[in-house]
Amino acid sequence: MHSPARIASLLRPALSSTLRTPFTTGPTTASFHHLLRRSLATTIPADATPSVDPSLPQFVVGTRNGFLPRQDPLVVLPERFAPLESLLQRMPLTREDGERGLLWDGRFGDAVEKELPVLDVDGVEDSRTLMALFRDYTFAASAYLLEPCDIMNRKRGDYGLGRNRLPKNLAVPLSQVATKIGARPFMEYAQSYALYNYKKKDPQGPLEYDNLALIRSFSGMPSETGFILVHVAMVAHTGDQVKHTLAALSAVERQDRAAFDQELKGLLTVLQRINATMDTMWNRSEPEDYNKFRTFIFGTKAQPMFPQGVVYEGVSDQSVFYRGESGANDSIVPSMDNLLQLTARMPVNPLTEILRDFRSYRPANHNAWLAWLEKRAHELNVRDFAVQDSNSAVLYLALIDQIREFRGRHWNFTKEYIIKHTRHPVATGGSPITTWLPNQLAVVLSAMVAVGKTIQPERLTPYNRALAQELTARADAQARILEREVAGLKKLFVGQDVQSGDART
């Protein structure tokens with residue numbers, strides 16, 4: 001295992017790379033660069049005690065917290081932000097007390113304009129407060145912009161147009177907070193909607209689904225609660241994912257085959273737990289409910305509801321476009337893609353352009369971790385080391401199969417939760433609904449077949465020989481099914497074959 005000091009030194013090249021390639025539309029201010037330096041100068045926590053340093057970013061990848069925040073999220077805003085807190089308490093379609101909220105009959109926008117002053121966030125430096133403000137301002141901004149779309153969808157089944165201007169009382173403080181934490185001023189999966197939106201029922205209890213409750217909600221529906229908290233419960237396993245990833249890299253560096261195989265087994269156990277937790281989504285969040293709250297997590301980029309984007313009043317007269325919240329912003333699968341060198345196999349096409357754009361919508365330290373991991377796995381050539389030994393290759397293949405299961409389930413969710421209930425052609429993040437996920441799944445399936453061809457069956461244990469045959473045969477069959485499935489579904493939706501450059505509009 002790398003020491004904390006060693007991890008910090010390894011992450012520094014990722015910082016340099018990140019600074020050389022800033023966000024295209026995101027913050028590039030000196031304070032953002034300072035945050036990146038502050039974030040990456042820290043070590044990955046090596047013990048079970050979270051740091052209480054208020055200046056340390058909440059999202060710092062670690063072996064304790066994985067991709068979750070290093071401290072439990074702040075539930076209620078400080079008193080000086082009471083006007084925003086009050087609006088958010090009254091916002092959901094159905095409030096916590098069972099009464100109809102401001103969004104139910106389209107009163108939220110008027111309430112924002114009448115009740116909310118331009119609150120001063122300049123002096124806020126505590127990272128926990130900053131993250132809570134980012135979460136809450138992004139909830140308010142999305143509710144404001146998409147409120148007309150929700151009303152239209154409930155009446156007619158389509159979305160119409162969203163509001164194309166974000167008022168100063170939301171735009172200015174949101175932009176200021178976003179700059180402080182190094183984010184775009186729009187809702188994200190990690191820093192707002194999902195991973196900074198839970199509280200423990202028992203503060204001393206475990207990070208497990210039954211001990212979790214939601215902080216903010218658009219709908220107030222149990223299905224939205226389940227949708228968000230299943231993601232949190234999945235990511236709760238990622239401390240071990242980070243631990244085994246670092247140890248596997250160290251084993252390759254030392255050319256220690258036994259240790260490498262042991263860490264692959266550890267990763268396999270973690271991914272099996274994550275996939276098992278992911279599978280509980282079917283019971284926690286009803287497919288027919290998803291489109292009742294999905295409206296509010298759409299973005300403004302590549303969405304017909306925002307043909308001209310959105311102007312942030314008091315910030316700029318230029319319209320901006322941002323991708324919506326998406327599970328594609330999570331770091332579980334990208335970490336495995338990078339460790340197993342699957343990212344390099346992604347085709348050069350517009351769908352992969354969208355994937356890379358998605359992966360920039362996450363905490364700065366997560367981005368640095370992923371950049372470093374991709375570079376380090378390439379330097380060590382993890383895949384080559386794995387396939388040099390047939391029994392290691394089977395473990396490597398089994399890990400890719402877990403990614404196949406994850407992406408395959410995500411595709412099944414898309415079909416059951418979205419495609420069966422709407423003909424809206426793009427997902428919340430702006431990707432084409434029938435072709436984007438299969439683009440990545442097809443790469444995983446082809447990688448499995450390719451690895452299978454490197455394995456020498458006569459060198460395998462009987463169990464591994466049977467397992468390798470089963471996994472490669474399954475991948476080959478699923479690839480054929482996927483191709484036919486996508487060809488049929490594409491006919492039901494417009495604009496599924498994106499052209500080069502569409503990913504950036």
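What share of the 505 residues in the chain is buried? Buried residues make up 59% of them, where buried means under 20% relative accessible area, exposed over 50% and partly exposed in between (1.4 Å probe, protein chains only).

1. Basis. This is a predicted model, in which local features need pLDDT of at least 70 and side-chain atom pairs count only at pLDDT 80 or more, while totals for chains, interfaces and linings use all residues. Residues are numbered from 1 along each chain as its sequence is written, and side-chain values use heavy atoms, with hydrogens and water left out.

2. Overall make-up. The chain has 19 helices and 5 strands; these are DSSP runs numbered from the N terminus (helices H or I, at least four residues; strands E, at least two). Of the contacts (heavy atoms within 4.5 Å) between residues at least 6 apart in sequence, 77% join residues at least 24 apart.

3. Core. The largest nonpolar core contains 151 residues. Such a core is a set of buried Ala, Val, Leu, Ile, Met, Phe, Trp, Tyr and Cys residues joined through side-chain atoms within 4.5 Å. Phe108, Leu166 and Phe218 have the most contacts inside this core. Helix α17 (residues 390-419) supplies the largest share, 15 residues. Beyond residues up to four places away in sequence, Phe218 touches Met91, Pro92, Leu93, Leu103, Phe139, Ser142, Ala143, Met187, Tyr193, Glu224, Phe296 and Ile297.

4. α9 against α10. The axes of helix α9 (residues 238-254) and helix α10 (residues 257-279) come within 8 Å and cross at roughly 160 degrees. Axes are lines fitted to C-alpha atoms, for helices over the stretch in contact, and angles run from 0 to 180 degrees between N-to-C directions. The two helices, α9 and α10, are therefore roughly antiparallel; angles over 145 degrees count as such, under 35 as roughly parallel, 65 to 115 as roughly perpendicular and the rest as oblique. The crossing of α9 and α10 is left-handed, a term used if the near helix is turned anticlockwise from the far one by less than a right angle, with clockwise being right-handed. Residues making the contact include His244, Ala248 and Val252 of α9, and Phe260, Leu267 and Ile274 of α10. By class, the residues of this contact are 9 nonpolar, 5 polar and 4 charged. Here Ala, Val, Leu, Ile, Met, Phe, Trp, Tyr, Cys and Pro count as nonpolar, Asp, Glu, Lys and Arg as charged, and the others, Gly among them, as polar.

5. α10 against α17. These helices pack at an angle of about 15 degrees with axes 9 Å apart, so α10 and α17 are roughly parallel. Their crossing is left-handed. The contact of α10 with α17 divides into 13 nonpolar, 5 polar and 6 charged residues.

6. α9 against α13. Helix α13 (residues 332-339) and α9 have axes that come within 11 Å and cross at roughly 10 degrees; α9 and α13 are therefore roughly parallel. Thr238, Gln241, Thr245 and Leu249 of α9 meet Ile332, Ser335, Met336 and Leu339 of α13. This contact has 4 nonpolar, 4 polar and no charged residues.

7. Two single residues. His378 is in helix α15 (residues 364-380) and is exposed, with a relative accessible area of 57%. Glu99 is in the loop between α3 (82-90) and α4 (108-115) and counts as partly exposed at 48% relative accessibility. Leaving aside neighbours within four places in sequence, Glu99 is in contact with Leu93 and Thr94.
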